[in-house]
Amino acid sequence: MTFLLALLFGGYFVLGGLDYGVALVSRGRADLDRVAPVFLGNEVWLVGAVGLLFGAYPLNEGELLSQQRVPVGVALLGVILVTAAYGLRLFRRTPGGVGLLDGVARIGGALALIGWGAALGGIWQGGTFHVTAVTGACALGLLALGGLHGWAFVSRRWAILGGTSVVILALTFAAGSAVDWHVADSATLDLVRPAAYALLPLVLLAQAATWWMFRTRHPRQAPVAS
C-alpha cells in the first residue's frame, strides 16, 4: 500500500508541477491556457493521497504533517494563489501580455515548488523541519526542476518533460523510503483496503474527465469574457 501512496503523491507532484511550473514561466494567458486540460485534476491525486495516508497510516499522517507544517503551509499558500489567479484570469479581457494576475500566479508557483521541495527534503532528513543545506537544496532544486517542467510542457519538448517527470517521481519515492511507516490495525485496514483498491482507477477517471472537458481549450480558441 505504500507503493500506491507514493504513486498518488508522485502523480500529484508531476501534474501539479505542470500548474506551478507553467505559472512560473508563463508569458500570459496563452501559456496558462495550455495547462487547462490538467489543471485542477492534479488536486484529486493530492486528496486521494492524503485520504490514504490518513486511513492506512494515521500515526505517520499526524507525525508528518506536524513535523512539516511550515513548508506544507508555504506550499498550500502557493497552491491557493495559483488556483485563484488562474481562475480569475479567465474573466479578464487581456488575452495577451503579462498582467497583475500573472505575477500573482508566478509568485504562487514559486511558493508551491519551494514549499513542497522543502517538505520533501525535511521528510528525507527526518525530524521536525528546520532549514538546513538539505532542505534548502531540495527547495531550490524543485523550484528549478518545476520551472524546467513547465517550460518543457509549454514548449512541447516532450523528451525533456518525460525526463523531469521521472526525476520528480524519483524524488517522491526517495522521500517516502526515508519514512518508517506504521500501518493501521487490521480492523481499520479491512475498511480502508477496498477503497484503496478503487482509489487509483477513480483518480485516473477524474483526471480523464478533466482532460475531456478542457480538451478543446487552445490559446487561439480561448473565449474572452466581455
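**Close-up views of a predicted model**

**View A. The largest pocket has a volume of about 530 Å³.** The structure shown is a predicted model. Two or more lining residues come from each of α1 (2–25), α3 (41–56), α4 (58–67), α5 (69–89), α6 (100–125) and α8. Helix α1 gives the largest share, six residues. In total 25 residues line the pocket, and Phe9, Phe13, Leu53, Leu64 and Ile123 lie nearest its centre. The lining consists of 20 nonpolar and five polar residues, with no charged ones.

**View B. Phe13 and Trp116 form an edge-to-face ring pair.** The count of aromatic pairs in the model comes to seven. For Phe13 and Trp116, the ring centres are 5.5 Å apart and the planes stand at 75°, an angle over 60 degrees, so the pair is classed as edge-to-face. Phe13 belongs to helix α1 and Trp116 to helix α6, so their contact ties together parts 103 residues apart in sequence. Both Phe13 and Trp116 are buried. Ring pairs also join Tyr12 with Phe13 and Trp116 in a cluster.

**View C. Phe153 and Trp158 form another edge-to-face pair.** Their ring centres lie 6.3 Å apart, with the planes at 75°. Phe153 has a relative accessibility of 15%, under the 20% limit, and therefore counts as buried.

**View D. Arg156 sits in the loop between α7 (133–154) and α8 (158–177).** Most residues other than glycine have a negative phi. Arg156, although not a glycine, has a positive phi of about 60°. Its relative accessibility is 43%, so Arg156 counts as partly exposed.

Definitions and conventions. Residues are numbered from 1 along each chain as its sequence is written. This is a predicted model: local features need pLDDT of at least 70, side-chain atom pairs count only at pLDDT 80 or more; totals for chains, interfaces and linings use all residues. Side-chain values use heavy atoms; hydrogens and water are left out. Helices (H or I, at least four residues) and strands (E, at least two) are DSSP runs, numbered from the N terminus. Buried means under 20% relative accessible area, exposed over 50%, partly exposed in between (1.4 Å probe, protein chains only). On a 1 Å grid over the protein atoms alone, a cavity is a set of points where a 1.4 Å probe fits but cannot get out, and a pocket is an open set with protein on both sides within 12 Å along at least five of seven lines; lining residues have an atom within 4 Å of a point. Grid points are joined across faces, edges and corners, and a volume is the space filled by probe spheres set on the points. Ala, Val, Leu, Ile, Met, Phe, Trp, Tyr, Cys and Pro count as nonpolar, Asp, Glu, Lys and Arg as charged, and the others, Gly among them, as polar. Rings of Phe, Tyr and Trp (its six-membered ring) pair if their centres lie within 6.5 Å; planes under 30 degrees apart count as stacked, over 60 as edge-to-face and the rest as tilted.
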